[in-house]
Amino acid sequence: MKYSTTTKILSGLALAVLLAGTVWGGGQSNPRSMAMGGAYTALAYGLEAGFYNPANLGLSLNRNFSLDLVTIGAEIKNNSFSLKDYNEYNGRYWNDGDKQAILDRIPAEGLRLNGVAEAAGLNFSIWRLAFNFRGRGESLLQLHKDPFELLLFGNEIRPGVTLNNNRGEAIAYCDASISYGQPLLKWAGGEFAVGATFHYIYGFAHEEIIEASGGVFTTDTGFVGDAQAVVRSALGGSGQAVDLGASMVFAKNWTISAGLENLYSKIKWNNETEETRFTFHMDPVTLETLLDSEDDDSLTETSDTTYSISPFATTLPANFKLGIAKIGKKLTLAFDWSQATSSKYSHSTNPRVAGGLEYKPIGFLPLRIGAATGGNKGTILSGGLGLHFGPLHMDMAIAGCGSFVPAASKGVAFAYGIGLRF
C-alpha cells in the first residue's frame with residue numbers, strides 16, 4: 001500500500017510520542033521550568049541539567065541522585081486567533097467590519113501554527129553524570145495572508161493569491177544523551193564549573209516544504225494561474241549533537257549559567273527519502289472560454305509526482321542560553337535570555353527573555369509563576385505547583401501563549417512530572 005507523505009509524517013509524529021514512554025523531555029515536559037516561564041538555565045540540577053546546562057552538574061548545589069519516573073508535556077498555538085475571538089465570531093453573521101477585524105488578527109507574515117510534544121521516563125543522574133532520553137515532535141505551518149483575504153472579501157479586494165510565503169516543517173525524533181559537569185575553581189562563597197552533553201539522535205520522521213511559488217491572479221477579463229510546491233520527506237535517520245556550558249556561583253545564593261545547545265548537530269535521513277512535487281496550471285479563464293468549454297476541469301491541470309531522492313542531512317538550530325538565579329529557602333528568583341541561530345521548528349532568531357519565581361509557603365508545596373516574551377512563542381503567562389513528600393516530587397504546570405491576559409491567549413501548554421530527588 002502506498003501512503004502519502006502527509007500520512008507518513010503524521011504516523012511518525014504519533015510514533016515518537018507513543019514510544020516516548022521511556023524517554024525524558026528537557027524543556028517542554030519539565031513542569032517546574034514551564035511554570036517559571038522557561039527561566040531555568042541556572043536552576044537545572046541533576047538529570048535536568050543535561051538539557052539546560054550540563055555545567056550545573058559540576059556545582060556543589062548539584063543533587064547526588066535524581067530519577068524521573070515519567071514526564072509529559074505539549075503545546076499548541078497560533079499567532080493570530082484566541083479563544084475570545086472564536087467565541088465572539090463563531091456562529092454569527094459577519095459584516096464587512098467583522099471580516100476586516102478577523103483579517104487584521106493575521107499579521108503580515110501570515111497565519112502560523114505550532115505544535116510541540118515531549119514525553120519521558122526513567123532518566124537519572126548520579127554524581128556528576130546524567131543519562132537522559134526523550135521523545136520529541138515539533139511542527140510549524142505558516143500560511144500566506146492572501147487566501148484568507150480572498151475568502152473573506154472575494155477577488156475584487158484581493159486580485160491574486162500567492163503561495164510564495166507558505167512554509168511548513170515537522171520532525172519527530174528520540175534523543176539519548178550523556179552529560180558531565182566538571183568543577184574548575186572554588187573560592188569563599190563561589191565556584192566555577194564547565195560541562196558538556198553528547199546526544200545520539202534517532203529520527204522517526206521529517207518533512208518540510210522546500211519550495212512553494214506561484215498563485216492564481218485576476219486579470220481584466222478573467223483568471224490565470226500557475227503554482228508549484230516541493231515537499232521533502234523521510235521516515236528514518238540518525239545523528240549526533242553536542243552542547244557546552246559554564247556555570248558560576250557567586251555571593252553564595254546567586255548562580256549565573258550560560259549554555260550553547262546544539263553547538264554541533266547533524267541528522268542524516270536515509271530511510272524512505274522522497275520528494276513530492278505538486279503542480280497546478282490554469283489556462284486563462286474568461287467568460288468566453290467558460291462558454292466554449294464543456295468541462296470546466298479541462299481548463300485546469302493538477303499533478304503530483306513522488307520520487308526517491310538521495311539521503312540528505314538536516315541540523316537542529318543552535319541555541320544560546322544565559323540565566324541568572326537566586327535560590328532561597330522560601331523564595332527563588334530566575335531570569336533567562338535565549339536566542340537561536342535559525343528559525344526552524346519551535347526556535348527563532350528573535351531573542352527571548354523570561355522570568356519566574358518559586359515560593360514555598362509550606363515546605364512540601366512550592367508555588368510557581370512565570371512570564372516570557374520574544375522568540376516565536378510570543379508572550380506567555382504560566383503557573384504551577386508541586387507536591388514534594390521527602391524525595392518524591394510531583395509537579396504540574398500550565399501556560400497560556402500569546403498574551404499576558406488568559407482570555408486573549410492564542411494557545412495553551414501543559415506539563416506534568418513525577419520523580420525522585422536526593
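This is a predicted model: local features need pLDDT of at least 70, side-chain atom pairs count only at pLDDT 80 or more; totals for chains, interfaces and linings use all residues.
Residues are numbered from 1 along each chain as its sequence is written. Local features need pLDDT of at least 70 and side-chain atom pairs count only at pLDDT 80 or more, while totals for chains, interfaces and linings use all residues; side-chain values use heavy atoms, with hydrogens and water left out.

The structure holds 8 aromatic pairs (rings of Phe, Tyr and Trp, the last by its six-membered ring, with centres within 6.5 Å; planes under 30 degrees apart are stacked, over 60 edge-to-face and the rest tilted). One of them joins W127 and Y180, whose ring centres are 6.3 Å apart and whose planes meet at 55 degrees, so this pair is tilted. W127 belongs to the loop between β3 (123-126) and β4 (129-143) and Y180 to strand β6 (residues 167-187), so the pair ties together parts 53 residues apart in sequence. (Strands are DSSP runs of E, at least two residues, numbered from the N terminus.)

F320 and W337 also pair, edge-to-face, at 5.8 Å centre to centre and 65 degrees between the planes. Here strand β14 (residues 319-327) carries F320 and strand β15 (residues 331-340) carries W337, so the linked parts are 17 residues apart in sequence. What sits over the ring of F312? That is the charged end of R232, 4.1 Å from the ring centre (the rule asks for NZ of Lys or CZ of Arg within 6 Å of the centre and within 35 degrees of the ring normal).

Terms used:
Helices (H or I, at least four residues) and strands (E, at least two) are DSSP runs, numbered from the N terminus.
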